[in-house]
Amino acid sequence: MPEPKDAAARRDVPPVICYPVETLPQPDLPLYQAARAGARLVETVTVAPRDAATITVPGGCFLRMSSVDGPQVGDLNLFAADDLSERFYSGKTRALHGTHITTGDRMWSSFPHLRPMATVVEDTLGWYGMDQFGGSVHDVIGTRCDPYTGRLLSGDDYHYCCHSNLTRALATHTGLPLAEAEMHVHDVMNLFMCTGFTRDTGQYFMKASPVRPGDYLELFAEIDLLAVLSACPGGDCSTVHSSDDAACHPLLMQVFVPADGALDGWVPPARNAYSRTHGV
Ligand SMILES: [Zn+2]
């Protein structure tokens, strides 16, 4: 179709933010950060390369996820510890906070709960911002690497994609059969992963993560959480994923508990108050 005469004018219409966040309840970051300063380490779990591991984080505690031996990205699933139906909702998180998350942003839960599950309190890669390609880190636009897409594109079965790693780890933690655990695995927060969309074709891209050993992202658990983290077979995602070709490294998960009284005045967020009557 030829362009209409007013094509340029139509393209020049300025964008409108879908979800202005001025009325979004804001986290009390100074309170969280003060509580973190006096918190003590209570648990450490290492995620092996091309595998996943679980850790539970009580509400009011902190989860630090760190790069250790070399550049490595991770795929994170979050669940309410007592209810697998309440899980991280990457689509709504990106609608509220944008394509990538950093300090002050929150990870929201699925309908009908829709409440903050976790708040980012520290991000050592916060300096990265948005690069010249439109890339940034800690993506909530990707899904997770998975054996189904791999099968479609290559015809091979590869068993150590993040989707399968998360499935195995969740099955082991819960005792659920593998096929049942798989149904709870959801689109992830891509820890340390540097991604964006190409400006010309709109395609999802990845590039070598700027993460280095010692970098971390730290979350404040707003509710009791079960976190499942996969060390992606893509390694730093500079070349390929969904195979054993990339150099992979472990990731570290650590839980910190604040001192008694450090969170006075904080209450866990309630589930969303919508009536659920849907007009009936
Ligand atoms: Zn992956």
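Me: Which strands does helix α2 lie across, and at what angle does it run to β7?
Reply: Helix α2 (residues 29-37) lies across β3 (62-67), β6, β7, β11 (216-221) and β13 (251-257). Its direction is about 70° to that of β7, where axes are lines fitted to C-alpha atoms, for helices over the stretch in contact, and angles run from 0 to 180 degrees between N-to-C directions. Contact means heavy atoms within 4.5 Å. Helices (H or I, at least four residues) and strands (E, at least two) are DSSP runs, numbered from the N terminus. The model is predicted: local features need pLDDT of at least 70 and side-chain atom pairs count only at pLDDT 80 or more, while totals for chains, interfaces and linings use all residues. Residues are numbered from 1 along each chain as its sequence is written, and side-chain values use heavy atoms, with hydrogens and water left out.

Me: What makes β1 and β6 edge strands?
Reply: Each of β1 (40-47) and β6 (106-108) pairs on one side only. Two strands pair if DSSP finds at least two bridges between them. Three bridges join β6 to β7 (residues 116-123), with Arg106 opposite Thr119 in β7. The open sheet runs β1-β13-β3-β11-β7-β6, with antiparallel pairing, and its twist averages 25° from one strand to the next.

Me: How do you know which residues are protein donors of the zinc ion?
Reply: Donors are N, O and S atoms within 2.8 Å of the metal (3.2 Å for Na, K and Ca); water is not among the atoms, so sites may look incomplete. The SG atoms of Cys145, Cys162 and Cys232 lie 2.3 Å from the zinc ion, so they fall within the 2.8 Å limit. The donor spacing in sequence is C-x16-C-x69-C. Cys145, in the loop between β8 (136-139) and α4 (147-154), and Cys232, in the loop between β12 (225-231) and β13, are 87 residues apart and link distant parts of the chain.

Me: How many disulfides does a search of the whole structure find?
Reply: The search finds zero. A disulfide is a pair of cysteine sulfur atoms within 2.5 Å. For Cys237, the nearest cysteine sulfur, that of Cys232, is 4.4 Å away, and Cys237 is in no disulfide. Cys237 is also buried, at 1%.

Me: What makes the pair of Tyr158 and Tyr160 edge-to-face, stacked or tilted?
Reply: Rings of Phe, Tyr and Trp (its six-membered ring) pair if their centres lie within 6.5 Å; planes under 30 degrees apart count as stacked, over 60 as edge-to-face and the rest as tilted. The centres of Tyr158 and Tyr160 are 5.9 Å apart and their planes are at 80°, so the pair is edge-to-face. Phe197 and Tyr204 are 5.9 Å apart centre to centre, but with 50° between the planes the pair is tilted. Tyr158 is buried at 13%, whereas Tyr160 is partly exposed at 38%. The structure holds seven aromatic pairs, and ring pairs link Tyr32, Phe62, Phe220 and Trp266 into a cluster.

Technical notes
Buried means under 20% relative accessible area, exposed over 50%, partly exposed in between (1.4 Å probe, protein chains only).
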